[in-house]
Amino acid sequence: MKKVLICDDALAMRLIMKKQIENMGHEVVGQAADGEEAVLMYKEFKPDVVTMDITMPKKTGIEALREIVAFDSQAKVVMVSAMGQEERVKESILSGAKNFVVKPFTPEKLEEVINKV
């Protein structure tokens, strides 16, 4: 069982992901609605995996990713992007993301990505 932190500015997406992740047998330790919360919650909960939306208020997902990786070089962050954000996904991987998933995704795809990291 992995401890997972969900970071997405859309409440509906956080709730969908929470249900899917719990159905996989993992524990959701926190939910962040913006990039600043994501960094603070990472430091507080030290999750095994983070799902990070690329587009968020206060700090983008990429900015939050960079701060998390600077704090913990072993952080396992999975970026979540919308279609058409290939350049941002590439930037995320170069910034330390371990994997990514593109919205809309199936529960099976989310599980595959989380279990890989």
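Select valine 4 and its surroundings: leaving aside residues up to four places away in sequence, valine 4 touches Ile21, His26, Glu27, Val28, Val29, Gly30, Pro47, Val49 and Thr51, where contact means heavy atoms within 4.5 Å. Valine 4 is buried, with a relative accessible area of 0% (buried means under 20%, with a 1.4 Å probe and protein chains only). This is a predicted model, in which local features need pLDDT of at least 70 and side-chain atom pairs count only at pLDDT 80 or more, while totals for chains, interfaces and linings use all residues. Residues are numbered from 1 along each chain as its sequence is written, and side-chain values use heavy atoms, with hydrogens and water left out.

Next, colour strand S1 (residues 3–7), which holds valine 4; strands are DSSP runs of E with at least two residues, helices are runs of H or I with at least four, and both are numbered from the N terminus. Valine 4 stands opposite valine 49 in S3, and S1 and S3 (residues 49–53) pair in the parallel sense over four bridges, pairing being counted when DSSP finds at least two bridges between two strands.

Now show the whole sheet, which is open, has five strands in the order S2-S1-S3-S4-S5, and pairs in parallel. Its edge strands are S2 (27–32) and S5 (99–102), each pairing on one side only.

Finally, select helix H2 (residues 35–45) and helix H3 (residues 61–71), whose axes come within 9 Å and cross at roughly 20 degrees; axes are lines fitted to C-alpha atoms, for helices over the stretch in contact, and angles run from 0 to 180 degrees between N-to-C directions. The contact is made by Gly35, Ala38, Val39, Tyr42 and Lys43 of H2 and by Ala64, Glu67, Ile68 and Phe71 of H3.

Key
Buried < 20%, exposed > 50% of the residue type's maximum accessible area, 1.4 Å probe, protein only.
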